[in-house]
Amino acid sequence: KNSAKAMEKELVTCSLQEKEKIAIDRSQIFQIPQQKDLETKVIVVLGKAGMGKSILIQKICQDWSNGEFSQFEFVFWFDCKQISLPEKQYSLKELLLDFFIKPQEGSKEIFEYILQNPDKVLLIFDGFKGLHDHENFPRCSASQPEKDLCSIKELLSGLIQKKILNGCTLLFTARPKDKLYQFVSKVDKNIEIVGFSPQQRELYITKYFEESPYGDNALKLIKECEYLFSHCYSPVMCRFVCFLCETVLEMGEKSLPSTLTEVFLKFFQQKIMFMQTDVTTTKNQESLATLARVAWCLGEKHQSAMKSDLIPSEEVKEFALKYGFFLPFAFPRHSDSEEEEFGSTFSDFVIQNFLCALHLLLAEELKDKNLTKYLSFLSKKKKPYNWLDLMPRFLAGLIFLQDDPYFCSLSNEDAKQSTKKQKTLLKYIRRLQISTLCPERLLELLRCVYETQNNYLLQHVALRLEPDLSFLGVVLSPPDVHVLHSILKRSRKEFSLDLRNSSIDMQGLQALVSLRNVTSFRASLSDTVSLWKSLEQTKDYELLKASTEKFVLDPFKARTMKDISDLCDLVEMQEMMMKCVQEASGCTSYEIPAIRNLRKLEFALGPACGLQGLQKLVKILAAFPSLQHLDLDALSENGIGDEGAKSLSEVFPTLTSLETLNLSQNKITDLGAENLATALPSLSSLKTLSLYNNNICDFGAENLAKVLPAMTSLRVLDVQYNKITGVGAQQLTDSLRKCPHIKNLVMWNPTIPYGVLEHLHQLDSRISV
């Protein structure tokens, strides 16, 4: 507990809202502005499994060997699957010069040079799951961590804490954890690999079949199966789909499987059952069942590698190596006299996920009713199998594919058992309270049900979806969008979708927005405007108009300069659409409903960008005719100051609907209060004005007091926690007598004697003490 609490201080949470899509070149990965040369640099490359993180690392190493990244004299690359077995310990010297590469001579001198020149060293840890598992991340307690034996996590802890090799560059690759990323606080740069765009998918498939006679047919065949094509956004999935497509075309077949489960059933069948005798088939079935058990045992521990001598039998090991399900590797030896040890790791995360699902289905000790607990849409108290994220989908798919000839070739399970398991799953989902599921679990339910391709289940789920569906902050990959689209299409309900911070791509956004029963949606402003610009360029005016009618913006919270820029782009979009409408119909006016209906705008850019952002915002405020609530109070304090107050006051006459103006905690002084007071009477609908916790003194209070009688709509004024004394308080009280419309004046200030404020309250009960 104590170590976990201590570690929490060194972690920060980076939410998806803080991400911006900026493409970077490979050469820019190690460029860190304002970084001290003598300190350890930590770079994290995030990406779902199969996104190409390891390929990127290989390319970096290749580029370095060809003379690029010349700032590094040494590059060490470690596959964390191989080095993070719990029973293994290393010293830094062993890890670098025994595990990675063993110099023929001079290893002592080389290691001393590395210790003296850490800035010339790049250490790459590929697939480090410890970034998520921070609660069990131990501190490095070794007295001489460079030479003492430590676990890999202790070594990494020492590197990150700068106790070991301070000044080196650390590059981690890791999987993102749900919608939040847990990082060590000292991370200098975060990069995410998001996969292939539709154009890149086509390019990959074309290159794969470049020298194949099936090239033209392959791309057409894959694109026709939209679900599989959507999975091709992941490079590893794209490779599997291409392999299967090649097999299908060679066999003279004319269609691809419709689900991911079918793809891998066919993949395994083609790999190990092709042209086999009955005896060999039985042996392979037994070996596959044993391998599936190994996959599950490792998967439960979040591992994909093991020592080779722990594999149940030589026969299973040979089977796994022969068909490419395992890859071998060697462990470093602590001394030359030790016997060399070997390990094996699953060649691919998808293969391990599929084998885990197969094990759950074939394991005799698992009763049918227990299968459902391994699905990820359970109650909030149960932890889903995040690390085996594809396993639940494969499990649901396999339950409904047990009479498939490909499944029968992998297993000798009887038909009665399969029917029983299907009924168990049907009954479980029928009883499931779908409306109570959080967005992540609802999405997992949709994925699993889609893999079954059972019409009853698909229809059942579609009819029980809530009309308001929020995927706020939940990453929607292209396959997720396809699944969501196909299930929404089955329902007769009308839906409202919240897709903000979901990283949805433009094609996915267009697909969901174009559904007739999606009547309103919220999405990232920049993505929405990009979609509209794309529709305008392709002259799809019908969908452009429909999507603008469906888009919802209210309430809008600006947190970054980009949010303000996006809002400006939206206003520009309205002007562009006005021209289109005018040309098409001769109508002289057009308002995007989202702009017309925006009622609440919150501004929270913080002190660094507060003034700059506000000055940009005031130029477009007049475009929002229904704006009722403008909130410039933020926890981080925007600090717009007097200059910001002046800029804002200049547009007051255009804000005819504004009812609440919150300028709390903005470092406004008497000068800003004077500018505001001059323009405040033009806010004809203003009911609540808050100037809480600014730097307004008596002169500012006097100016506000002068204009209060003219502000006939005002009901509440808050000027507490300023620097107003009894003099300013008296002036406000005198003015209040002429303002019967005001219900409450809040003006407690540390500079007003309590007795004076109490006396003023007795004179007028509307003054809060």
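Close-up 1. Buried here means under 20% relative accessible area, with exposed being over 50% and partly exposed in between (1.4 Å probe, protein chains only). Helices are DSSP runs of H or I with at least four residues, numbered from the N terminus. The buried set is M391, P392, R393, F394, L395, A396, G397, L398 and I399. A word on the model: it is predicted, so local features need pLDDT of at least 70 and side-chain atom pairs count only at pLDDT 80 or more, while totals for chains, interfaces and linings use all residues. Residues are numbered from 1 along each chain as its sequence is written, and side-chain values use heavy atoms, with hydrogens and water left out.

Close-up 2. A salt bridge is called when a side-chain nitrogen of Lys or Arg sits within 4 Å of a carboxyl oxygen of Asp or Glu. By this rule the count comes to 21 salt bridges.

**Close-up 3. K266 meets E253.** These two side chains form a salt bridge, at 2.7 Å from N to O. K266 belongs to helix α11 (residues 260–272) and E253 to the loop between α10 (235–250) and α11, so the pair ties together parts that are 13 residues apart in sequence. K266 is buried, at 5% relative accessible area, whereas E253 is partly exposed at 27%.

**Close-up 4. K562 and D566 within α24.** The closest N and O atoms of this salt bridge are 3.2 Å apart. Both residues lie in helix α24 (residues 561–585), four residues apart, which puts about one helical turn between them. K562 counts as partly exposed with 29% relative accessibility, and D566 as buried with 9%.

**Close-up 5. E650 pairs with K646.** Here the closest N and O atoms of the salt bridge are 3.1 Å apart. E650 is exposed, with a relative accessible area of 53%, while K646 is partly exposed at 41%.

**Close-up 6. Helix α19 and its cap.** N454 caps the N-terminal end of α19, with a side-chain oxygen 3.1 Å from the backbone nitrogen of Y456. In this helix (residues 455–463), the buried residues include L457, L458, H460, V461 and A462.

Methods:
Helices (H or I, at least four residues) and strands (E, at least two) are DSSP runs, numbered from the N terminus. A polar contact is a pair of N or O atoms within 3.5 Å; within protein, one must be able to donate a hydrogen and the other to accept it, and residues adjacent in sequence count only if both atoms are side-chain atoms.
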